[in-house]
Amino acid sequence: MTDISWGGIALAALFAAFTGFNDAGALVGMGLRIPGFRPVTGLVLLAAAVAAAPVVLGTAVAATLGRRLVAFDGADAGLAVAAGVGGAILVTAALSARGLPTSLTLALIGGIAGAGVGAHTAVNWPVVGLVLLVAAGSPVAGALAALAVTKLVGALPAPEGAGRRLRRLHAGALIATCLAYGANDGQKMLAVWAAVQSGGPAAPAASPAALAIVTGCFLVGGMIGLPRLAAALAGQLTSGRQDAVVVTELSGAGVVLGTAALGAPVSMTQSLSGAMVGTGLSGGARRVRWRGVARLGRAWLLTLPAAFAVSAVGCLTLEAIR
């Protein structure tokens, strides 16, 4: 690594650790309903996907987050990025403290746009609008996909060898979920690294040192946050069966992988939440905990404007005291 900004590395490392803290528990925690599943195994697979997916599947989502929304340039670019990342972390942490595993990706989009406004940098509003449109549609797509997958797979698990078959199906679904996360939602960490180092998102993906730092910090954050957040998402939307976990994971992963191919940043949490609702609806509307759905929806609606405002004010404040 050349022309290193150590302050930028510290900020990117902090963001990666917080991403693991916020995201890993909600994703891995879904598998707690599967007998014999070890959360640490899921966490390691998720971290491996964070490192491998950008190399194997590219960095289109990181490019959207890092350059297409707002192109921070000039001497004050570092302050603007710090304000955007800081605003996203503060808002997500505040909501998580209330037991709401909201979308850090959504917060980062709001934070980046708000920092752009605060730094008097041109914001690409059409791209922001398109990204938000895709993000709004991802829970719906997840629900529809879950309904379709439920019909395709039929009644799961099979009467004989049910436990073994369920574990195998869950292993495949978990791998798909981890890969989808690394290809889309997890790339926000690369976008932050690239922004604080004033480079493109392909640079950290091609740097073993950068990938090692990002992945290591993500893993540490996930290990810290797992005990507290593991069952938060899985327990508040539905009261479904064990086999519903497999359907939910496959459906959410399919939606997120599809949006990653388009370079559209989508929250894995949002897609999986929609898939949970769709899986619950397949057994009747009473199986969905609508109060939890409404509570999570309110958190999503609050996340982006709150991060936008906090980041814009933070950027203006940093410039004033600089």
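# Reading a predicted model

Guide: T215 lies in helix α10, which spans residues 208–229. The model is a predicted one.

Visitor: Why is T215 called buried?

Guide: The relative accessible area of T215 is 14%. The term buried applies under 20%, so T215, at 14%, is buried.

Visitor: Which residues does T215 touch, leaving aside those up to four places away in sequence?

Guide: T215 touches A47, V50 and A51.

Visitor: Why does T177 count as buried?

Guide: T177 belongs to helix α7. Its relative accessibility is 2%; because the limit for buried is under 20%, T177 counts as buried. Beyond residues up to four places away in sequence, T177 touches E249, A253 and M268.

Visitor: How far apart are R164 and P35 in sequence and in space?

Guide: The two are separated by 129 residues in sequence, while their C-alpha atoms are 9.5 Å apart.

Visitor: Why is H120 called exposed?

Guide: H120 sits in the loop between α5 (104–118) and α6 (125–153). Its relative accessible area is 67%; exposed requires over 50%, so H120 is exposed.

Visitor: Why do C178 and C315 each count as buried?

Guide: With buried set at under 20%, C178 qualifies because its relative accessibility is 3%. C315 qualifies because its value is 0%.

Visitor: What part of the protein chain is made up of buried residues?

Guide: Buried residues make up 53% of the 322 residues in the protein chain.

Visitor: How many helices and strands does the protein chain have?

Guide: The secondary structure comes to 14 helices and 0 strands. Among contacts between residues at least 6 apart in sequence, 85% join residues at least 24 apart.

Visitor: What makes α1 roughly parallel to α4?

Guide: Helix α1 (residues 6–28) packs against helix α4 (residues 77–97) at an angle of about 25°, and their axes are 11 Å apart. Angles under 35 degrees count as roughly parallel, so α1 is roughly parallel to α4. The crossing of α1 past α4 is left-handed.

Visitor: Which residues meet where α1 contacts α4?

Guide: From α1 come L11, L14, F15, F18 and N22, and from α4 come A82, V85, I89, T92, A93 and S96. By class, the residues of this contact are 8 nonpolar, 3 polar and no charged.

Visitor: Which residues form the contact of α4 with α14?

Guide: Among them are A83, G84, G87 and A88 in α4, and A306, A307, V310 and G314 in α14. This contact has 14 nonpolar, 5 polar and no charged residues.

Visitor: At what angle do α5 and α14 pack, and how far apart are their axes?

Guide: α5 and helix α14 (residues 290–321) pack at about 35°, with axes 7 Å apart. α5 passes α14 in a right-handed crossing. The contact of α5 with α14 divides into 13 nonpolar, 6 polar and 1 charged residues.

Visitor: Which residues of α5 and α14 meet there?

Guide: The α5 side includes G110, G111, G114 and G118, and the α14 side includes W300, F308, C315 and E319. C315, at 0% relative accessibility, is buried.

Key
Residues numbered from 1 in each chain as written. Predicted model: local features only at pLDDT ≥ 70, side-chain atom pairs only at ≥ 80, totals over all residues. Heavy atoms only, no water. Helix = DSSP H or I, 4+ residues; strand = E, 2+ residues; numbered from the N terminus. Buried < 20%, exposed > 50% of the residue type's maximum accessible area, 1.4 Å probe, protein only. Contact = heavy atoms within 4.5 Å. Axes fitted to C-alpha atoms, helices over the stretch in contact; angles between N-to-C directions. Parallel < 35°, antiparallel > 145°, perpendicular 65-115°, else oblique. Left-handed = near helix turned anticlockwise from the far one by under 90°. Nonpolar A, V, L, I, M, F, W, Y, C, P; charged D, E, K, R; others polar.
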